[in-house]
Amino acid sequence: MSNAPNCILAQHCSLADGPKCTRLCGSYIAMHGFNGAGGRVGAANLPDEYRMVTIANSPARASQAAVYAKLDPYVATFARQFEEGPTERIKSLYLVSASPGTGKTTTAAAVTNEYITRHFIGSIQRNRQALDRPAYFLDVNAWQTLYNEFNRARVPDDVAEPAARQFYAQMQAAKTAPFVVLDDIGVREVTEGFRGDLHAIINHRATNGLITVYTSNVAIDELPQVFKEIEPRLVDRIRDMCIVLPFVGESKRGLRRSA
């Protein structure tokens, strides 16, 4: 039986659906691991439900046609990561809607998978070693939960210490990966310490020109209301680096998972 339905590379692979399309394929293992939950897709920290989502099959594509019309040519710019010398940089994205459940997270995950795929294929074509973690997905709400686990009063050490290690490991990955999703940066009810750590990630990535996909229910111009530490010039830099893609409509969560 073909392994193509389980492989993010299938749409680009000439061997897909053939006799060599099995779980023993080296490229499949590189992308998904021996157990299907590892590899570069697993290292990206994508939620399980989004690990096979692409721009082509995204459930948000139909309801957000205007957004996807811009994403089709956008993902083609990922080839620039291999260009040497001065080149036009790959833009970041700011996916925004006031309503939840309109497809922002689904779309961010789809773009992440496209970047991982193109990084892997492009590296192989150029006889390069692909990065183990070319992309990383940070669920800001889940990350805040980790923060709370080791910052509450009277938290036992055996709970606080693992949570703190995981928190700072995710922070480092979100700072340094070439491509990162910061999912739901519009969180408001947070402590100054957590807000400062999130601001540190945003500042580091913007300052270093790293590709970042933000999903938010807050417009770029309203970021200073969420991050009191953020300077107007940093907002200007984010705005300059980003293609802003507004999502329309009401929540689809009652009908289909498209956060």
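This note comments on the sheet, the helices packed against it and the aromatic pairs of a predicted model.

1. The strands form an open sheet of five, ordered β2-β3-β4-β1-β5 and paired in parallel. Its edges are β2 (135-139) and β5 (242-246), each of which pairs on one side only. On average, neighbouring strands are turned by 15° against each other, direction ignored.

2. Strand β1 (residues 92-96) runs parallel to β5 and is joined to it by five bridges. Within this pairing, Leu95 stands opposite Leu245 of β5.

3. Two helices lie across parts of the sheet. Helix α9 (residues 232-241) lies across β1, β4 (211-216) and β5, and runs at about 75° to β5.

4. The structure contains 14 aromatic pairs. One of them, Phe78 with Tyr115, is edge-to-face, with 5.1 Å between centres and 75° between the planes. Phe78 belongs to the loop between α3 (65-76) and β1, and Tyr115 to helix α4 (residues 104-125), so the pair ties together parts 37 residues apart in sequence. Phe78 is buried, at a relative accessible area of 0%, and Tyr115 is buried at 3%.

5. The ring centres of Tyr94 and Tyr214 are 5.8 Å apart and the planes stand at 40°, so this pair is tilted. Because Tyr94 lies in strand β1 and Tyr214 in strand β4, the pair ties together parts that are 120 residues apart in sequence. Tyr94 is buried, with a relative accessible area of 1%; Tyr214 is also buried, with 3%.

6. One aromatic cluster is formed by Trp143, Tyr147, Phe150, Phe167, Tyr168 and Phe194.

Conventions:
Residues are numbered from 1 along each chain as its sequence is written. This is a predicted model: local features need pLDDT of at least 70, side-chain atom pairs count only at pLDDT 80 or more; totals for chains, interfaces and linings use all residues. Side-chain values use heavy atoms; hydrogens and water are left out. Two strands pair if DSSP finds at least two bridges between them. Helices (H or I, at least four residues) and strands (E, at least two) are DSSP runs, numbered from the N terminus. Axes are lines fitted to C-alpha atoms, for helices over the stretch in contact, and angles run from 0 to 180 degrees between N-to-C directions. Contact means heavy atoms within 4.5 Å. Rings of Phe, Tyr and Trp (its six-membered ring) pair if their centres lie within 6.5 Å; planes under 30 degrees apart count as stacked, over 60 as edge-to-face and the rest as tilted. Buried means under 20% relative accessible area, exposed over 50%, partly exposed in between (1.4 Å probe, protein chains only).
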